Every structure is written in C-alpha cells, then in structure tokens.
Amino acid sequence: EAKEQFMLESLFGTVNRERVLLYLYAREEGYAREMSRFYEVALGTMQNQLEKLEAGGVLYSRSAGTTHLDALNPRYAFREELSALLEKVLSLYPEEERKRLTGGRRRPRRKGKPL
C-alpha cells in the first residue's frame, strides 16, 4: 500500500484538513463517516475538520435524506486557486493512491438499472 504524501499540512495546519479537502475535491462531495472510514481516522476528527471548513466558507453542506453531504463551496473567494492547488497535489500522489481516492462506486446501483 502506498504511503500517503502530505504536502499541504504546513499550509492547512493539519493532515486531516488536507485529507478532507483532497477527498472532496477528488469526489466532489462526501460525508464525515465515509471520510473517516476511507482514511481510518476517528469520526469526530473528520466532523471537526468539516465544521471548521464550513464555518470559514470553504465548504457548504446539504442534506440528502438523513445524510449530511459536504462539498467545496463554489462561491468561496479562492475556489479556483484552491482547486488548482488540490489538482497539483493530487497529480503528485502515487498513481495507486490517486485511483483509490478518485475511483470506486460509492453506492449500490439502482434496482433494475441497466449496466
């Protein structure tokens, strides 16, 4: 398994803040439990980072049923710059780690939907 490379920790303050931003950039949206399982960290850790980023206007959230989904805020003043920075970081990750982060089905296929 490839060792993650934390390139923005000194800029963002914590490894987990980098993880949250990169995850949401790569997958467009996500929720705390999904991220905590993906990175194998405590749920509270991810919730804390999401709350701080949302309070700063970097993220926005919406409800989908009982799930609280987060995504990068398209109205964030530095959205383009942040996206460019995250794209650069993602491009520097080992290919295996990039695929793990960007790929994978996240929910079951709707019953009766053709393949």
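Strands E1 (residues 59-64) and E2 (residues 67-72) form a hairpin with 2 residues between them; strands here are DSSP runs of E with at least two residues, and helices are runs of H or I with at least four, numbered from the N terminus. In the turn, Gly65 has a positive phi of about 70°. The model is predicted, so local features need pLDDT of at least 70 and side-chain atom pairs count only at pLDDT 80 or more, whereas totals for chains, interfaces and linings use all residues. Residues are numbered from 1 along each chain as its sequence is written, and side-chain values use heavy atoms, without hydrogens or water.

E1 and E2 pair in the antiparallel sense over 6 bridges, where pairing requires at least two DSSP bridges between the strands. Leu59 has Leu72 of E2 as its bridge partner. Contacts of Leu59 (heavy atoms within 4.5 Å), not counting residues up to four places away in sequence, include Val20, Leu21, Leu24 and Leu50.

Leu59 is also among the residues with the most contacts inside the largest nonpolar core, together with Val20, Leu21 and Leu101. This core has 23 residues; a nonpolar core is a set of buried Ala, Val, Leu, Ile, Met, Phe, Trp, Tyr and Cys residues joined through side-chain atoms within 4.5 Å. Helices H2 (15-27), H3 (32-39), H4 (43-55) and H5 (79-92) each give two or more residues to this core, and H2 gives the most, with 6.

Of the 13 residues of H2, 12 are buried, so H2 is largely enclosed by the rest of the structure; buried means under 20% relative accessible area, exposed over 50%, and partly exposed in between, with a 1.4 Å probe and protein chains only. Glu28, which follows H2, has a positive phi near 75°.
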